[in-house]
Amino acid sequence: MAIDMKAIHDSTHTLVMGVLNITEDSSSDGGLWLDPAKAKAHGEAMMKAGADIIDIGAESTRPGAKRVSEEDEQTRVLGAVDALISEGAVLSIDTTRASVARMALEHGAQIINDVSGGRLDREVPHVVAEHAESLYIVQHWRGWLAGSAGDVPDADTSVYANGVVDDVYDELMKQVDDVLQAGVSPSQIIIDPGLGFSKPSVEHNFPLMVALERFNATGYPVLIGASRKRFVGAALADAGIDEPDMDSKDNATAAISALCAEHGVWAVRVHDVEKSRDAVAIGNAWRAFAND
């Protein structure tokens with residue numbers, strides 16, 4: 001049965017996007033799901049736990065990560081797509097390469113999640129435009145984090161002369177304009193302020209979450225990806241929790257997920273689906289009562 005992607009795009013309740021990292025070096029789960037059978041099992045487990053969307057990524061963007069070859073990325077992504085699409089999954093592909101996006105969409109994936117928002121490979125928006133039924137997540141992007149995914153660090157990408165909210169909003173809307181110029185329809189676009197990308201501290205990220213209503217007011221659905229990011233651990237440490245572990249970060253992520261749902265974001269991108277599923281359910285219910 002065909003999945004109604006318009007209904008996904010226009011969802012009136014917050015969705016849960018589960019992260020499937022098929023990478024050696026992602027910060028929290030690198031190497032765990034490289035084996036195709038394990039990747040399939042983990043994707044199925046997240047669907048069973050309540051994930052509405054599975055986000056498949058085969059290249060880490062953490063600081064210090066190196067780019068994988070195009071061939072390796074294609075092989076990893078397509079293996080997971082082919083394994084999960086038959087299970088009725090809604091699949092998002094976390095890639096910045098047009099060739100990977102094209103092959104994944106041709107194999108049945110429905111969403112392209114481009115952390116560069118069309119900036120790294122200018123052909124990605126054109127690929128999405130060719131697949132009018134697909135969705136395109138445009139993330140705020142200033143370049144790779146210092147020391148990551150390449151040989152040239154971008155040392156000044158975390159300087160926001162006009163304040164992080166104003167600069168991120170203006171730059172993200174310019175990226176959206178460029179994507180529209182490439183032929184992508186407004187009905188395909190989802191926006192993401194890019195928590196953690198060129199935003200290393202609590203002071204960079206919390207203001208963006210406080211300003212969610214401004215991003216919602218664009219009319220585009222908003223994705224928030226806070227899961228297990230360094231600023232979450234830093235916020236816990238600031239609150240007096242010594243050496244927060246992964247479980248603590250997942251609990252904190254679930255709290256952020258509930259707040260995001262209460263504020264009407266389109267989806268939260270998380271590693272621990274079960275915790276955020278329950279948190280999002282409460283946030284959705286809270287919003288429903290508030291709007292009743």
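**Note on the predicted model: sheet, helices and ring contacts**

1. In strand 2, I54 is the bridge partner of G18. Helices (H or I, at least four residues) and strands (E, at least two) are DSSP runs, numbered from the N terminus. Two strands pair if DSSP finds at least two bridges between them. Strand 1 and strand 2 (residues 53-57) pair in the parallel sense, over 5 bridges.

2. A word on the basis. This is a predicted model, in which local features need pLDDT of at least 70 and side-chain atom pairs count only at pLDDT 80 or more, while totals for chains, interfaces and linings use all residues. Residues are numbered from 1 along each chain as its sequence is written, and side-chain values use heavy atoms, with hydrogens and water left out.

3. What is the strand order of the open sheet? The order is 6-5-4-3-2-1-8-7, for 8 strands with parallel pairing. Strand 6 (189-192) and strand 7 (223-224) stand at the edges, each with a single partner strand, so one side of each has no neighbour in the sheet.

4. Strand 1 also pairs with strand 8 (residues 267-270), in the parallel sense and over 4 bridges. There, L15 stands opposite A267 in strand 8.

5. Is strand 1 mostly covered or mostly open? Strand 1 is mostly covered, with 7 of its 7 residues buried. Buried means under 20% relative accessible area, exposed over 50%, and partly exposed in between (1.4 Å probe, protein chains only). Both faces of the strand are covered. L15, M17, V19 and N21 are buried on one side, and V16, G18 and L20 on the other.

6. N21 belongs to strand 1 (residues 15-21). N21 has a relative accessible area of 9%, so this residue counts as buried. A51 is 30 residues away from N21 along the chain, and their C-alpha atoms are separated by 15 Å.

7. Strand 3 runs parallel to strand 2, with 4 bridges joining them. I56 has I93 as its bridge partner in strand 3. On the other pairing, 3 bridges join strand 3 to strand 4, again parallel. Here D94 stands opposite N113 in strand 4, and S92 has I111 as its bridge partner in strand 4. Side chains of strand 3 deserve a look: L91 and I93 point one way, S92 and D94 the other way, and all are buried.

8. Helix 4 (residues 98-106) has A98, S99, V100, A101, A104 and L105 buried. Which elements cover them? The cover includes helix 3 (70-85), strand 3 (91-94), strand 4 (111-114) and helix 5 (124-130). Contact here means heavy atoms within 4.5 Å. Just after helix 4, G108 takes a positive phi of about 115 degrees.

9. Helix 7 has V202, H204, N205, L208 and M209 buried. These residues cover an arc of only 165 degrees around the axis, which puts them on the same side of helix 7. The arc is that of the directions from the helix axis to the C-beta atoms. An α-helix has 3.6 residues a turn, so residues three or four places apart point the same way. The face turned away from the buried side of helix 7 carries the exposed residues E203 and V210.

10. What do the buried residues of helix 7 pack against? Their neighbours are helix 6 (164-181), helix 8 (212-216), helix 9 and helix 10 (246-262). At the start of helix 7, a side-chain oxygen of S201 reaches to within 3.3 Å of the backbone nitrogen of E203.

11. The structure holds 2 aromatic pairs. In one of them, the rings of F206 and F231 have their centres 6.2 Å apart and their planes at 90 degrees, so the pair is edge-to-face. F206 is in helix 7 (residues 202-210) and F231 in helix 9 (residues 230-238), so the pair links distant parts of the chain, 25 residues apart. Rings of Phe, Tyr and Trp (its six-membered ring) pair if their centres lie within 6.5 Å; planes under 30 degrees apart count as stacked, over 60 as edge-to-face and the rest as tilted. F206 counts as partly exposed, at 36% relative accessibility, whereas F231 is buried, with a relative accessible area of 2%.

12. Two arginines close the list. The charged end of R142 sits over the ring of Y160, 3.9 Å from its centre. R214 has its charged end over the ring of Y169, 4.3 Å from the centre. A charge sits over a ring if NZ of Lys or CZ of Arg is within 6 Å of the ring centre and within 35 degrees of the ring normal.

Methods. A polar contact is a pair of N or O atoms within 3.5 Å; within protein, one must be able to donate a hydrogen and the other to accept it, and residues adjacent in sequence count only if both atoms are side-chain atoms.
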